[in-house]
Amino acid sequence: MSKRATIGKFALLSMIIAAVFNLRNIVLNNIEIGMASAPSFLFATIFYFVPFVFIIAEFVSLNKDAESGVYQWVNSSLGSRWAFLAAYSYWFVNLFYFTSLLPIVLVYASYTFLGYEYQFTPHVITLASLAIFFVSTWVSTKGAEWISKITSIGSSLMLLMAFAFIILSIIALIGGAEPTKAITIKNMTPDFTWKYMGIMAWIFFAAGGAEAIGVYLNDLNA
């Protein structure tokens, strides 16, 4: 029997960052609700993401020998029927998520290599998205070691970009640049309209993703 490959703590951290942190979500929500997105993300982190992580950690500890993630977690607490519904719902929502995510990869690649958004035809977008999805699925079958190598590169670049964005923004403010909206308590106070509630739901959704990493805790080096 071949020895099971393991991953290090930095690799696991990289996978968590890749699964959860998304600079695009921060930018888009800031465009929609302005400075109110800052306390909204803080609220979602404290009252949703942190308890969510503790719940996942509890499920993982109770099912430390399981490999199936969400299905096994729900099965151990509510039974197989609810476990099937939970797993199906999880698969169903990710089906639409990935179909919306893959074309964005093409847009990012276009800006990276061409410097502008190249207008692909629908057929090219479909074929390229299928190819990316096929390669991603193939890599996922190789286990945590392969995934950690790829996500460590992506998450490192993502963190570098985020820190660069923060540092350069601070430098710009110190240098006298005027923000589009003044950084005041008034501008950071949410306006509880239906639009804000809809955006808040998306912010909560953006805080998810940690459940996908729970199954890899068994692959962590002791």
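**Close-up views of aromatic pairs and nonpolar cores**

**View 1. Tyr 88 and Phe 92 sit together on helix α5.** In this predicted model, the two residues are four apart within α5 (residues 80-114), about one turn of the helix. Let's look at how exposed each one is. Tyr 88 has 42% relative accessibility and so counts as partly exposed. Phe 92, with a relative accessible area of 38%, is partly exposed too.

**View 2. Here is an aromatic pair formed by Phe 59 and Trp 73, picked from the ten that a search of the whole structure finds.** The pair is stacked, with 6.2 Å centre to centre and 10° between the planes. Phe 59 belongs to helix α3 and Trp 73 to helix α4, 14 residues apart, and their pairing links distant parts of the chain. Is Trp 73 buried or exposed? Its relative accessibility is 7%, so Trp 73 counts as buried. Phe 59 reaches 23%, and therefore counts as partly exposed.

**View 3. Eight residues make up the largest nonpolar core.** Its members are Phe 52, Ile 56, Val 60, Val 70, Trp 73, Val 74, Ala 83 and Ala 210. Which elements give two or more residues to this core? They are α3 (37-62) and α4 (70-78).

**View 4. Five aromatic residues gather in one cluster: Phe 43, Phe 47, Tyr 48, Phe 52 and Phe 204.**

Notes: Residues numbered from 1 in each chain as written. Predicted model: local features only at pLDDT ≥ 70, side-chain atom pairs only at ≥ 80, totals over all residues. Heavy atoms only, no water. Core = buried A, V, L, I, M, F, W, Y, C linked by side-chain atoms within 4.5 Å. Buried < 20%, exposed > 50% of the residue type's maximum accessible area, 1.4 Å probe, protein only. Phe/Tyr/Trp six-rings, centres within 6.5 Å; stacked < 30°, edge-to-face > 60°.
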